[in-house]
Amino acid sequence: MPLADHLRELRNRLAKAMLAIVITSIAAAFYSQELMDFLSSPVERCPKGVMETGGKCATIVYNDLLSPFTTTVKVVLMAGIVLSCPVWLYQLWAFVAPGLHRNEKKYTYYFAAAAVPLFAAGVYVAYLIMPVSMKVLLSITPDPAANLLDVDKILDFTVRMVLIFGFSFELPVLLIMLNAAGVVTGRRMAGWWRGVVMGIFVFGAIATPSTDPLGMIALSGPIIVLYFLAVGVALLNDRRRRRKDPDAELDDDEASAVDLTPAPIGEVEALTSTRAALPEQAGGESGTRPQRLNGYDDIT
């Protein structure tokens, strides 16, 4: 299609995706209180009318007049984006799919089928670890002070934990995609394991908002296991590729193995010589013919 038609189709796809997000957000607005309770449930709340000092519990508050409205809108919009993901993901796929080959579509189905449960597993692990992380953070509070937590800050903490854990669990999908595209081999990925394990632990220590080692281990441990699973899948894929094509792992500018063993030739066939037509074959100015061996002169 011409460029204008592509832009027109993109506009229609975006309009349908935005309409789905708006409709699901309006529906989620009727359950805004339940959503707020669910997102703030990892925080251990103090009993009503009691504000304890120290790090045992916390009281959830709003800091300004517009905070209840803006926080509710943020929660409802986030719920609308999550609930409408089948619609806008389909619109994205419908826009991209006509430009893909059949095998590319097949790989896309496989990767999407693996990415969704991995992201959900990361979200589940994050929701399991959040109460422990928040309890550790609250325990640092000195005894004379009390904890007053803004709902907006709790929401930011929850969303960040969910996104970090969810996208971190997508590492094996990314590695397998690179292996399927021929960018990296399974043997090379296996050779990186020391640096990768160290990098994952450093990333887990930086990415998790809590200071306790439990959050770092809860994030780093599953990622390391998934990394080695991806290496195993890549090695099996390389073996299958070599079985079908021995030169599959060679680069475009890398020559394959060539048998350079010289083959025996028969006896040289004698040719009948004819008068040379070129001056350098004429044997000099005298016109004498050069001496030939088996019918060949020096030029031949």
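Residues are numbered from 1 along each chain as its sequence is written. In this predicted model, local features need pLDDT of at least 70 and side-chain atom pairs count only at pLDDT 80 or more, whereas totals for chains, interfaces and linings use all residues, and side-chain values use heavy atoms, with hydrogens and water left out.

Helices here are DSSP runs (H or I, at least four residues) numbered from the N terminus. The axes of helix α5 (residues 102-139) and helix α10 (residues 213-244) come within 9 Å and cross at roughly 160 degrees, where axes are lines fitted to C-alpha atoms over the stretch in contact and angles run from 0 to 180 degrees between N-to-C directions. The two helices α5 and α10 are therefore roughly antiparallel, a term for angles over 145 degrees. Leu 118, Val 125, Ile 129 and Val 132 in α5 meet Leu 214, Gly 215, Ala 218 and Leu 226 in α10, contact being heavy atoms within 4.5 Å. These residues divide into seven nonpolar, one polar and no charged; Ala, Val, Leu, Ile, Met, Phe, Trp, Tyr, Cys and Pro count as nonpolar, Asp, Glu, Lys and Arg as charged, and the others, Gly among them, as polar.

For helix α1 (residues 3-29) and helix α3 (residues 67-83), the axes come within 8 Å and cross at roughly 125 degrees. The contact of α1 with α3 has eight nonpolar, three polar and no charged residues.

How values were computed. Angles under 35 degrees count as roughly parallel, over 145 as roughly antiparallel, 65 to 115 as roughly perpendicular and the rest as oblique.
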